[in-house]
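Have a look at the structure first, then read on.

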Amino acid sequence: MTFGEKTTASTVNKLLCGCDYRDEVVNAINALFFDFSIKFFREIVEAKFYGHDINMSWYKEHFIESGNITPEDSAIYAGLNRKTITNIYGTASREVVINAAKNNFEYLRHILSELENDSQNDLAVTIIISHNDISVKLSLTESLIVINALATKKLQIRGGAWSAIGKSVEKPLLDELCRRAGVPTGNIDRTFTRDKNLSYDRETDYKLISRTGKIYRVEVKLMGRGNPESADATIARDTDIFIADTLSEQNCAQLTARGIEYIALRDNNNILDDFTNILRKLNIPIV
């Protein structure tokens with residue numbers, strides 16, 4: 001998933017004010033989930049409008065086997081996400097995803113049918129969807145299939161959002177920091193490059209260039225306090241400047257021991273001053 005310009009700009013502003021940015025991600029997750037839910041329910045009601053019998057066979061034909069939806073969406077409607085399929089089968093090819101969706105749907109239909117036919121089960125769950133005087137009443141099995149699909153979609157959106165927010169914000173965050181500090185555009189390099197001395201791609205979020213032409217690699221990580229992978233990332237990418245949402249005392253000690261300049265954003269009222277001090281120390285010009 002990607003974040004819109006408005007959400008990205010708001011997240012950057014909160015980070016540079018030392019505030020928590022996570023409510024922006026939560027809001028984006030909820031907005032995407034509600035959009036999906038409304039579209040999902042509308043499709044069910046519209047099918048009823050055109051005379052279809054809304055039952056498990058129709059659900060399978062329309063949401064699992066239809067050629068009009070992507071294999072990834074078929075999996076979601078069947079209660080699986082692409083990452084889980086990859087973990088199980090070692091691939092997420094079109095054929096594998098479609099077969100996994102079909103198999104999981106049949107499995108769910110079987111166990112839910114047993115639940116519905118269980119004489120000792122006196123629980124009734126019914127979803128009624130109404131739109132423009134058209135109503136669709138789903139049975140226990142159908143209701144649980146829909147609930148499971150919605151839960152799967154929410155997990156997928158949430159996982160993608162937390163993974164994507166850092167990638168969406170990192171460069172805009174550094175752009176704004178450099179703008180406020182007055183770093184000339186000629187001393188900023190935002191491009192991906194391959195280090196010819198290495199056998200692998202070494203990507204950094206940003207590079208700053210000193211007055212003498214020395215390149216300093218900048219890394220941004222929006223992780224929670226004490227996350228060990230945050231400091232480890234600086235080793236793998238030969239980072240010179242590390243900017244994080246939060247840093248534990250151990251993180252700070254590790255970075256200091258490696259000679260890496262760093263800034264913790266959360267609850268920091270001197271972010272711009274800290275950044276400009278690092279720039280002066282590394283002989284990076286400020287207009």
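What is the relative accessible area of Arg22? Arg22 comes out at 23%, so this residue counts as partly exposed. The cut-offs here: buried means under 20% relative accessible area, exposed means over 50%, and partly exposed is in between, using a 1.4 Å probe and protein chains only.

## What you're looking at

This is a predicted model, in which local features need pLDDT of at least 70 and side-chain atom pairs count only at pLDDT 80 or more, while totals for chains, interfaces and linings use all residues. Residues are numbered from 1 along each chain as its sequence is written, and side-chain values use heavy atoms, with hydrogens and water left out.

How confident is the predictor? The score to know is pLDDT, the predictor's confidence in each residue, running from 0 to 100. The protein chain averages 86, and 87% of the residues score at least 70. Helices (H or I, at least four residues) and strands (E, at least two) are DSSP runs, numbered from the N terminus.

## Salt bridges

Side chains of opposite charge can pair when their charged atoms come close. For a salt bridge, the cut-off is a side-chain nitrogen of Lys or Arg within 4 Å of a carboxyl oxygen of Asp or Glu. The structure has 14 of them.

Back to Arg22: its side chain meets that of Asp245 in a salt bridge, at 3.0 Å from N to O. That pair links distant parts of the chain, with Arg22 in helix α2 (residues 22–49) and Asp245 in the loop between β6 (241–244) and α9 (249–257), 223 residues apart.

Two other bridges are worth a click. Glu261 pairs with Lys281, their closest N and O atoms being 2.7 Å apart. This one also links distant parts of the chain: Glu261 is in strand β7 (residues 261–264) and Lys281 in helix α10 (residues 271–281), 20 residues apart. Glu261 is buried at 17%, while Lys281 is exposed at 61%.

Arg180 and Glu176 form the other bridge, with 2.8 Å between the closest N and O atoms. Both sit in helix α7 (residues 140–181), 4 residues apart, or about one turn of the helix. Arg180 is partly exposed at 36%, and Glu176 is buried at 17%.

## Aromatic pairs

A pair of aromatic rings is described by the distance of the centres and the angle of the planes. Rings of Phe, Tyr and Trp (its six-membered ring) pair if their centres lie within 6.5 Å; planes under 30 degrees apart count as stacked, over 60 as edge-to-face, and the rest as tilted. A search of the whole structure turns up 11 such pairs.

One of them is Phe36 with Phe40, a tilted pair at 5.8 Å centre to centre and 40° between the planes. These two lie in helix α2, 4 residues apart, about one turn of the helix, and both are buried. Phe36 also pairs with Tyr77, this time stacked, at 5.9 Å and 25°. Since Phe36 is in helix α2 and Tyr77 in helix α4 (residues 71–77), the pair ties together parts that are 41 residues apart in sequence. Phe36 is buried at 10%, and Tyr77 is buried at 4%.

Which residues form one aromatic cluster? They are Phe36, Phe40, Phe41, Trp58, Tyr59, Phe63, Tyr77 and Phe105.

## A few other contacts

The charged end of Lys154 sits over the ring of Phe33, 4.9 Å from its centre. To count, NZ of Lys or CZ of Arg must be within 6 Å of the ring centre and within 35 degrees of the ring normal.

Glu43, in helix α2, touches Trp58, His62, Phe63 and Tyr77, leaving aside residues up to four places away in sequence. Contact here means heavy atoms within 4.5 Å.

Val169 lies in helix α7 and is buried, at 1% relative accessibility. With residues up to four places away in sequence left out, Val169 touches Thr8, Thr11, Val12, Leu15 and Leu222.
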